[in-house]
Amino acid sequence: MLLEIENLSVYYDSIQALKGVSLQVDEGELVTIVGSNGAGKTTTLLTISGILRPRRGVVRFRGQDITTLAPHEIVRRGISHCPEGRQIFTGLTVTENLWMGAYHRQDREGVARDLAWVQELFPVLAERRRQLAGTLSGGEQQMLAIARALMSRPKMLLLDEPSLGLAPMLVETIFEVIQQLRAQGVTILLVEQNAYQALRVADRAYVLETGSIKLSGSAQELARNEEVKKAYLGG
Amino acid sequence: MNKNALFYLALLTGLLFLAQSLLNDYYQRVLAVVFINIILTVSLNLTNGFAGDFSLGHAAFMSIGAYLSAILTLPPASKATLMPQLPTWLGQLELPFVVATILGGLLAASVAAVVGVPVLRLRGHYLAVATLGLMVIVRVVAINWTTITRGAKGINGLPAFTNLWWVFGWAVVTVYVIWRLVNSPYGRAMMAIREDATAAAARGVNVTAHRMLAFCVGAFFAGIAGALWGHLITAITPHSFSFLITFNVVVMLVVGGMGSISGSIVGATVMTLVPEFLRRVETSLSLGGHPLYGLSQIIIAVTITLVMIFRRRGLLGGREVQLPSLFDRRRAAPRARIETTG
Amino acid sequence: MFSLPYVAQQVVNGLTLGSIYALVAIGLTIVYGILRLINFAHGDLLMVGAYLALALLLNTALPLGAAVLLPMIIVGGVGVLVERLAYRPLRGAPEVAMLITSLAVSSVIQNGTIMTLSAQPRAFRLPQDLIAQNRVGVVSFSTLDAVSVAMAVGLMALLTLFVTRTRVGIAMRACAENLRAARLMGININQVIAYAFAIGSALAAAAGFMWAGRFGSIEPFMGFLPGLKAFVAAVIGGIGSIPGAMLGGYLLGFSEIFFVGFLPPELSGYRDAFVFTLLLLVLLVRPRGLLSTGAEREG
Ligand SMILES: Nc1ncnc2c1ncn2[C@@H]1O[C@H](COP(=O)(O)OP(=O)(O)OP(=O)(O)O)[C@@H](O)[C@H]1O
Ligand SMILES: [Mg+2]
């Protein structure tokens with residue numbers, strides 16, 4: 001197992017957002033978490049990244065307990081998080097944003113290579129490299145956010161609703177890129193409300209409801225599940 | 001007021017009689033300062049603890065109250081020599097202490113109302129700096145408006161009207177008024193604003209008006225405290241009401257716990273007596289012949305830092321302490337309890 | 001009316017005073033940008049810098065440059081230490097907790113100075129050639145003025161290079177904009193915050209030298225007013241923004257000098273009141289300052 005989460009309980013003050021969530025992601029897999037608003041998807045990812053501290057439970061990455069590590073140490077171990085709502089640095093240029101993604105890396109050549117790689121993945125970022133990130137369109141900002149997360153050369157990528165608020169054409173592009181990344185061997189944990197697309201590309205899926213895992217299984221299985229169809233696939 | 005409160009009031013009054021007959025001048029003065037600090041801390045608590053606006057303007061409002069009341073209580077004869085350029089009507093005015101004190105408080109509150117218009121558009125840190133700025137403005141005016149304030153020389157020879165009874169009386173009034181206010185719909189609105197101003201506004205609370213109310217009432221009592229202080233020390237200068245005073249009141253507030261009236265009373269008492277004791281020790285202390293002035297302030301400051309790190313809600317944890325209820329248990333108990341998450 | 005030389009003279013004065021405000025304001029703004037903390041102890045670091053400079057001038061034969069540079073380094077270290085001991089334990093605490101702590105830190109620094117060195121003001125005398133007046137055309141200025149302005153401009157240029165060209169500098173801007181995203185990117189925010197305190201405090205020490213040289217005497221409370229005014233400058237420029245702090249510093253320096261220089265002399269005693277009235281006015285018409293950033297996103 002690359003990532004193992006065991007019995008995670010997370011609170012915001014006295015409100016319990018996660019109630020004993022367990023899940024696993026294997027090397028090379030694309031796993032998705034689907035669930036409606038407020039189910040706790042973002043909370044799960046933020047806990048993996050070390051931004052939130054669980055009250056109970058363990059997060060293990062490559063067999064090591066990372067539950068109490070600082071976020072920057074977690075990034076260093078190979079988990080990269082592309083946050084909900086993009087959260088790019090609008091006052092920095094596109095290239096500066098990308099450098100921030102590679103903050104902890106010392107290998108200049110490697111960084112340069114990866115810069116070329118993400119620019120190949122998203123050619124528009126090469127065109128806009130000197131532009132302030134705040135001046136990009138919404139779709140471009142999402143691409144920048146993903147590219148920035150890739151700059152740390154992660155073993156595992158956490159994607160939080162990458163298709164949120166994008167035009168259908170762009171949603172397609174984003175999902176194409178996700179599949180491409182997976183083909184290149186990046187392990188991905190994808191959080192989506194767009195369950196249709198997510199289940200289409202994923203290997204396995206978890207359904208999260210009000211802080212607990214309700215269902216899990218292969219993506220195909222879940223896509224055929226009646227409950228899932230009703231709740232998340234619009235019938 | 002219920003019987004219980006009246007009982008404790010009577011008890012305190014009795015103790016005060018005892019104090020007056022038993023304590024020497026020095027201790028009576030320290031006790032008077034304790035009551036003035038209670039007025040300051042409880043009133044600062046209204047703005048900073050209940051309404052959630054971190055004001056540092058208390059020294060400014062004290063200064064205003066002290067100056068106005070001084071000018072109003074000085075006998076015309078002294079005014080003629082001290083401040084010959086005073087407008088005649090003001091030069092001849094001599095008001096009773098209580099009236100002068102109230103007018104001092106009212107002027108402080110009016111200044112708060114004017115300054116509040118720009119300042120209360122801000123929150124947190126901005127407000128803190130803007131109110132400190134007010135302190136600088138008041139000081140500069142006091143230094144430069146020489147016809148009224150005698151400039152940097154200050155005004156001395158104020159009648160020594162302040163005694164234990166005045167400060168005790170005003171402390172009781174302050175605590176009572178603010179306690180009533182906090183437990184009224186106005187106070188509940190203030191606390192709702194403190195927790196989440198947007199949500200409060202969405203529920204139809206007039207956010208600006210309530211913050212303004214807290215700010216002005218706080219300023220009023222700071223003005224009162226300034227007047228009392230002036231007539232205790234009997235001399236005031238533009239530098240009497242410095243940042244140090246504001247800081248020390250903040251310390252009392254924080255040690256007692258923001259959002260708790262009883263906490264403010266405890267905080268003001270403890271943080272007046274302890275430093276007073278330390279100061280006496282400090283003057284007799286030395287390190288290889290080198291005097292250690294400033295040590296008491298350092299201890300206070302370190303204490304407050306530790307409180308912030310380890311016990312952020314203050315000694316009483318933001319709750320109210322209940323004195324044992326002697327009469328009518330059921331009705332008295334829940335009323336004064338104020339829970340906060342500050 | 002005012003003669004040209006007089007006006008030119010006021011411009012020079014505004015430039016020197018503005019340089020000092022700008023340097024102090026930068027330190028406040030970078031720390032505020034990341035931590036949302038108004039560091040009330042910032043002005044006191046200016047004071048510490050001035051005392052250290054005086055100690056070096058009186059007790060050592062070091063060149064003048066060292067009397068500026070060494071305090072900058074030491075005070076930079078003090079800033080980092082203060083952050084480590086007082087502010088870091090409060091990470092994630094409400095803003096008010098940090099604000100109160102910074103008031104306490106300010107009190108510790110001031111009273112520590114009183115305890116070790118007494119509250120008496122001390123003369124801050126610079127070598128004669130530094131305070132000698134030079135005449136260029138119609139304006140006269142001391143060498144110290146020229147050095148101060150040049151130094152301030154140089155330091156600000158260096159800082160600009162730092163925040164646009166270096167990894168940590170860019171990360172500093174990133175942190176100021178979005179601390180959580182910065183953490184998610186693997187930026188060690190404690191390290192960045194330490195840099196911010198080191199840089200800001202060092203700049204305050206440099207400003208302390210200039211301030212002390214300008215007024216000729218130093219005392220333990222000398223940092224209060226420039227610290228508070230520098231905050232006004234930072235707010236005018238838009239707090240959180242480094243160019244804003246520079247702009248605000250010079251604007252404030254010029255306004256203050258012009259207030260004293262061009263209005264009736266009876267008013268000049270009110271200059272400090274003027275500065276804070278200006279603050280209230282700016283906040284009234286443009287609460288986020290001139291070059292506002294996202295720094296006030298929480299409102
Ligand atoms: N900062 C916070 N403070 C208090 N409660 C929060 C906070 N953030 C989230 N919550 C609560 O925790 C629960 C889970 O939120 P979370 O953001 O993880 O949901 P989500 O599944 O990501 O939803 P969405 O699809 O809307 O992004 C929700 O009930 C939410 O209201
Ligand atoms: Mg979410």
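Me: What makes strand S4 (residues 56-61) and S5 of chain A a pair, and in which sense do they run?
Reply: In this predicted model, S4(A) and S5(A) are joined over two bridges, in the antiparallel sense. Pairing asks for at least two bridges, so the count of two bridges meets the rule. In S5(A), A:Asp65 is the bridge partner of A:Arg60.

Me: Which strands make up the sheet, and in what order?
Reply: The sheet of chain A is open and has four strands, ordered S2-S1-S4-S5, with antiparallel pairing. Strands of a sheet pair through backbone hydrogen bonds.

Me: Why are S2 and S5 of chain A said to stand at the edges?
Reply: Strand S2 (15-25) and strand S5 (64-65) of chain A each have a single partner strand, so one side of each has no neighbour in the sheet.

Me: Which strands does helix H1 (residues 41-48) of chain A lie across, and at what angle to S1(A)?
Reply: Helix H1 of chain A lies across strand S1 (3-12), S2 and S4 of chain A, and its direction is at about 115 degrees to S1(A).

Me: How do you know that chain A and chain B are not in contact?
Reply: A contact needs heavy atoms within 4.5 Å. No such contact joins chain A and chain B, and their closest C-alpha atoms are 11 Å apart.

Me: Which chains share the most contacts?
Reply: Of the two pairs of chains in contact, that is chains B and C. Their contact takes 42 residues from chain B and 43 residues from chain C. Between them, chain B and chain C bury about 3,700 Å², with 79% of it on carbon and sulfur atoms. On the side of chain B, the residues that lose the most area to chain C are B:His125, B:Tyr126 and B:Val129, together 19% of what that side buries.

Me: What polar features does the rule find across the interface of chain B and chain C?
Reply: One residue pair is in polar contact there, and the number of salt bridges is zero.

Me: Which element gives the most to the side of chain B that touches chain C?
Reply: H7(B) does, with 13 residues. By class, that side of chain B has 33 nonpolar, seven polar and two charged residues.

Me: Why is the pair C:Arg173 and A:Glu96 called a salt bridge?
Reply: The rule wants a side-chain nitrogen of Lys or Arg within 4 Å of a carboxyl oxygen of Asp or Glu. The N to O distance of C:Arg173 and A:Glu96 is 3.0 Å, so the pair falls within the 4 Å limit. The count between chain A and chain C is one salt bridge, alongside eight residue pairs in polar contact.

Me: What does the salt bridge of A:Arg128 and A:Glu140 tie together?
Reply: The closest N and O atoms of A:Arg128 and A:Glu140 are 2.8 Å apart. A:Arg128 is in the loop between helix H5 (123-127) and helix H6 (138-150) of chain A, and A:Glu140 is in helix H6 of chain A, so the pair ties together parts 12 residues apart in sequence. Over all chains the count is 18 salt bridges.

Definitions and conventions
Residues numbered from 1 in each chain as written. Chains lettered and ligands numbered in written order. Predicted model: local features only at pLDDT ≥ 70, side-chain atom pairs only at ≥ 80, totals over all residues. Heavy atoms only, no water. Axes fitted to C-alpha atoms, helices over the stretch in contact; angles between N-to-C directions. Buried area = accessible area lost by both parts, 1.4 Å probe. Polar contact = N/O pair within 3.5 Å; in protein donor to acceptor, adjacent residues only side chain to side chain. Nonpolar A, V, L, I, M, F, W, Y, C, P; charged D, E, K, R; others polar.
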